[in-house]
Structure formats: structure tokens, C-alpha cells
Amino acid sequence: MAEPYAEAAALATGLAADAAAGWDLAGELPRAVLRELGVKGVLCAQVPPDHGGLGLSSVDNGELTAHVGTLCGSLRSVLTSQGMAAWAVQRLGTARQRAAHLTALTGGALAGVAFSEPGAGSDLAAMETTLTVEGDEVVVDGAKVWVTVGAYADLLVVIGKLAGQAGCVVVPADAPGVRVTRVPDPLGCRAAGHADVRFDRVRLPADALLGGTALPLGMLVTTVLTYGRISVAWGCAGMLRTCLAEAARHVSARRQGGVALSEHQLVRRHLAGLYVAERSATLACARASRCWDEGDPDLGGAAVLAKHVAATGAAAGAATAVQLLGSAGARDGHPVARAYRDAKLMEIIEGSNEISELVLAEEALRTWA
Amino acid sequence: MSTTTNREPVTADAVRADLLAFLEQRTKQAVDPDLDLFASGLVSSMFAMELVVHLESAFGLTIGGPDLKLDHFRTVTAMTALVLRLRETADG
């Protein structure tokens with residue numbers, strides 16, 4: 001196998017395959033692991049080589065993300081977060097900002113992206129965090145919740161209101177006025193370092209504001225989230241692959257009523273459902289990534305479709321896998337138990353099922369009405 | 001310099017015609033070049049991103065940083081000016 005992501009995938013396997021269960025139980029990813037993957041460009045693998053990245057296409061980075069997703073949902077969340085931060089910088093930043101931040105993100109620095117607020121989850125228009133340009137400084141004031149990687153982050157990419165619209169600012173996590181509080185007991189992706197972050201009139205050089213400009217909030221969020229949606233979708237495809245492998249092996253080996261579980265028709269139906277979920281997720285992801293790589297304007301809708309197919313498929317598929325494994329998979333740390341908890345979160349983040357359905361219904365009306 | 005069709009000179013008329021056709025295909029209605037696409041409610045957040053992706057792939061551009069601002073996408077006329085300016089910068 002000489003895929004462009006093979007080396008990165010092998011590195012992730014070496015670091016995570018035997019350790020992921022322990023990371024889940026401890027709720028912590030080792031910094032050394034994050035650093036090693038970071039400096040090798042694995043965490044944001046689409047960053048171009050001239051900024052220290054691997055320069056992978058979306059399709060190849062997707063397969064890498066799915067691979068990491070087969071190993072560890074928490075680590076895969078770090079890839080999503082770091083990749084989304086890098087994409088925000090790449091898309092919104094000036095040449096100078098790209099050089100500075102992308103080099104940091106491929107040099108071991110870790111980044112979280114801060115969207116949600118206590119009063120603004122799916123309704124991001126209710127966002128209250130403000131970015132205010134005062135002379136040659138920008139002041140960040142507000143509170144964000146559930147920032148993935150927040151507890152490990154060196155940089156926080158923060159979306160806030162700016163001049164009647166919205167902007168995006170890169171905040172060093174150690175800047176005066178930043179307070180990071182870890183979410184102590186997340187349901188899933190337990191080691192992904194979810195944190196609530198307060199910004200108490202944090203003053204930064206105006207150059208921290210990406211592109212120095214404001215965009216409509218919806219356009220800004222859609223632009224940044226599209227990367228996250230594709231990444232989450234591939235991660236869910238990976239989760240499904242693990243569930244499929246665990247389930248297929250178990251039902252082939254385990255005997256009940258004198259025959260292998262796989263000889264029972266009801267078990268086969270479950271297995272078929274898992275297979276359909278994994279294949280559909282992979283196909284939808286591949287299409288979204290091809291739109292990304294080819295500059296196809298259908299990208300936005302394709303990303304939402306992939307995210308929705310993959311997240312709902314993974315949540316249902318992981319529940320099926322736990323059912324098939326029975327007591328064998330019913331312990332925390334077990335791959336299907338982790339997938340069961342992690343997949344449920346994937347139905348909530350990067351656009352909940354319901355928000356995705358609203359977007360997809362809009363597409364349906366636009367195409368078919 | 002690349003010799004792909006994307007880098008051949010384009011005229012304002014050609015850019016305008018392409019954008020009007022794209023908008024008509026997506027919104028199923030004819031659009032005036034000076035219509036405020038956002039104020040009119042014709043362009044959703046999702047569609048705005050699609051417009052950016054379309055401009056980039058149709059005209060071989062990268063629209064990033066300070067150019068990614070609402071005023072550049074508000075009307076077909078504004079987008080046409082943006083495309084011509086960015087192509088000139090890229091060629092220069």
C-alpha cells in the first residue's frame with residue numbers, strides 16, 4: 001500500500017491501537033502522542049507542504065481520518081479540531097497569518113475552535129461573544145462551551161460578533177483573561193479535552209483577527225464548519241468499520257443454540273445493517289471530499305449529507321454492534337462501547353441531526369420542488 | 001504561466017454571464033446584476049459558500065483573507081469586479 005497517507009496512518013496505529021482503551025478510561029490523551037502526531041503534520045494533514053503540512057487531498061485526509069476513527073474517537077476529534085482551525089486560517093487569513101499559524105499548527109501547537117456558547121448552540125445567531133477593534137488591538141469578550149481540544153490547546157480559534165457581522169480571531173490559550181475549564185465527564189470522546197472557555201476582555205494585537213475583516217455569521221460558520229463536517233463524517237465511517245470488524249468476528253466465533261451466531265437470520269440482519277451503514281457513510285464521504293478537491297459548488301450540501309448519513313449510521317451501527325457482542329462489548333474502553341458513546345455525540349456536534357435535516361430539506365426543495 | 005482555459009483572459013461580460021447563469025440555475029429565477037443577493041434573501045449561508053467555491057473553480061482563483069467579505073459578493077456586478085481584479089493580480 002503506497003497511499004499518500006500510509007505513513008501517517010501507520011504512525012497513528014503504532015501510537016493508538018493498544019492505548020486507546022486506556023485513554024478513554026483515563027479521559028486523557030498523552031501530550032507526547034499529540035505532539036508527535038502534530039509535528040509530523042498528521043493532525044491537520046491538508047495543510048500544504050510549504051507550511052509544514054502533508055498536503056493531502058480531502059479524499060486522502062478523509063481516509064486517514066477514518067483510519068484514526070477506527071482506532072480512537074478522541075484522537076480523531078483532535079484531527080477534526082486541528083484541521084478545522086488550520087482551514088479557518090487558510091481560508092480567512094492573510095498570507096502572513098497563514099505562514100505564522102499554519103507553521104505553528106504543524107509544529108506541535110494544538111488548536112481548538114470555539115463556536116458554541118451557553119445560549120447559542122444550534123442557533124449560532126444568538127452568539128454573544130464580541131470581537132472589538134480598538135486602535136491597533138482587538139478585544140475578545142465572551143464565553144464558549146464544549147470546545148474540543150480546549151484543555152490541550154495552545155491556540156483557540158474563536159468566532160465572535162464583529163462590526164455587526166462576524167469575525168474569527170486566533171487567541172493564544174495563555175493570553176491574560178483566558179480561562180479554560182475542562183468538561184469533567186463528557187458522554188463520549190472522553191479524552192478529546194472538551195472545555196468551556198471564558199474570554200474576559202482579552203486584548204490582542206489587531207493582527208490576531210483573521211483577514212482583519214467581517215463576514216455574515218452564517219457564511220463564516222458554514223465555511224469553517226464544512227471542513228469539520230467532512231472530518232466528522234469520515235471519523236464516523238471509521239467507527240463503523242471498527243464496529244463491523246468487531247461484530248463480524250464475534251458472530252463468526254461465538255456459538256449459541258449449537259451454531260455460530262452468524263447462522264441466525266436475525267443476527268445476519270443486524271450485520272447487513274452495519275454493512276449498509278459503513279458503505280453508505282464511506283460513499284457519502286468520498287463524494288463530499290471529491291467536491292472539496294475539485295472545487296465543486298455542491299460541496300456545502302454534500303458535506304452536510306455525508307455528516308448526516310455517517311453520524312446517524314454510526315449511532316445506529318454502534319448500538320447494533322453492542323447488541324451483537326452482548327456482554328463481550330458492554331464494558332467501557334471496549335471498541336464498540338466507545339463507539340456507542342462517541343457516535344451519539346457525533347449526532348449533536350458540527351450541526352445536530354435536526355439542523356442537518358433542515359439543510360437537507362432545503363436542498364430537496366431547491367432540487368425537486 | 002499556466003495555459004489552462006482558466007488562465008485565458010476573461011471579459012466582464014463573460015464573468016457576468018457565467019454568474020447570472022449559475023444563479024439562475026441554482027435559484028430558478030432570473031437575477032438582475034445589481035440585485036443585493038443577501039438583502040433579497042435569495043442567497044443563504046450555504047449558497048454563499050457555494051458561490052465562493054464556484055467563483056474559484058470557474059475562474060481559477062483563490063479568494064481568501066481580506067477578499068472574503070460580504071461587499072464583494074453582494075451583487076453580480078461586485079463579484080464580476082472581484083474576479084477581474086483577482087485575475088489581474090494573479091497574472092501580474
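User: What share of the contacts in chain A with a separation of 6 or more comes from residues 24 or more positions apart?

Analyst: The share is 76%. Keep in mind that this is a predicted model.

User: What makes the radius of gyration of chain A agree with that of a compact globule?

Analyst: Set the two values side by side. A compact globule of 369 residues would have a radius of gyration near 21 Å, and chain A has 20 Å, so the two agree. Along its principal axes, the C-alpha trace spans about 80 × 55 × 40 Å. Buried residues make up 57% of chain A. The chain holds 11 helices and nine strands.

User: Why are helix 1 and helix 4 of chain A called roughly parallel?

Analyst: Helix 1 (residues 6–16) and helix 4 (residues 58–71) of chain A pack at an angle of about 10 degrees. The cut-off for roughly parallel is under 35 degrees. The pair is therefore roughly parallel. Their axes are 10 Å apart.

User: Which residues make that contact?

Analyst: Helix 1 of chain A brings A:Ala8, A:Ala9, A:Ala12, A:Thr13 and A:Ala16. Helix 4 of chain A brings A:Leu64, A:His67, A:Val68 and A:Leu71. By class, the contact has seven nonpolar, two polar and no charged residues.

User: How do you know that strand 5 of chain A is largely enclosed?

Analyst: Count its buried residues. Strand 5 (residues 165–172) has eight residues and six of them are buried, so the rest of the structure largely encloses it.

User: What does strand 5 of chain A pair with, and in which sense?

Analyst: Strand 4 (residues 155–162) of chain A pairs with strand 5 in the antiparallel sense, over eight bridges. In this pairing, A:Lys161 stands opposite A:Ala166.

User: Where is A:Val149, and what is its phi?

Analyst: A:Val149 is in the loop between strand 3 and strand 4 of chain A. Its phi is near 75 degrees, again positive in a residue other than glycine.

User: Is A:Val149 buried or exposed, and how do you know?

Analyst: Buried takes 20 or more other C-beta atoms within 10 Å. A:Val149 has 29, so A:Val149 is buried.

User: Which strands pair with strand 7 of chain A?

Analyst: Strand 3 (residues 137–147) of chain A pairs with strand 7 in the antiparallel sense over eight bridges. There, A:Val140 has A:Val202 as its bridge partner. Strand 6 (residues 178–182) of chain A also pairs with strand 7 in the antiparallel sense, over five bridges. There, A:Arg179 stands opposite A:Arg198.

User: What does A:Pro216 touch, leaving out residues up to four places away in sequence?

Analyst: In chain A, it touches A:Gln165 and A:Ala166. In chain B, A:Pro216 touches B:Phe38, B:Ser45 and B:Leu70.

User: What makes A:Gly295 partly exposed?

Analyst: A:Gly295 has 16 other C-beta atoms within 10 Å, so it is partly exposed. Its place is in the loop between helix 8 (265–294) and helix 9 (299–325) of chain A. Leaving aside neighbours within four places in sequence, A:Gly295 is in contact with B:Val53, B:Glu56 and B:Ser57.

User: How many residues of each chain are in contact across the two chains?

Analyst: In chain B, 16 residues are in contact with 22 residues of chain A. The chain B side divides into eight nonpolar, five polar and three charged residues.

Technical notes
Residues are numbered from 1 along each chain as its sequence is written. Chains are lettered from A and ligands numbered from 1 in the order in which they are written. This is a predicted model: local features need pLDDT of at least 70, side-chain atom pairs count only at pLDDT 80 or more; totals for chains, interfaces and linings use all residues. Axes are lines fitted to C-alpha atoms, for helices over the stretch in contact, and angles run from 0 to 180 degrees between N-to-C directions. Helices (H or I, at least four residues) and strands (E, at least two) are DSSP runs, numbered from the N terminus. Angles under 35 degrees count as roughly parallel, over 145 as roughly antiparallel, 65 to 115 as roughly perpendicular and the rest as oblique. Two residues are in contact if their C-beta atoms, placed from the backbone, lie within 7 Å. Ala, Val, Leu, Ile, Met, Phe, Trp, Tyr, Cys and Pro count as nonpolar, Asp, Glu, Lys and Arg as charged, and the others, Gly among them, as polar. A residue is buried if 20 or more other C-beta atoms lie within 10 Å of its own, exposed if 12 or fewer, and partly exposed in between; C-beta atoms are placed from the backbone. The radius of gyration is taken over C-alpha atoms; the globule rule is 2.2 Å times the number of residues to the power 0.38. Two strands pair if DSSP finds at least two bridges between them.
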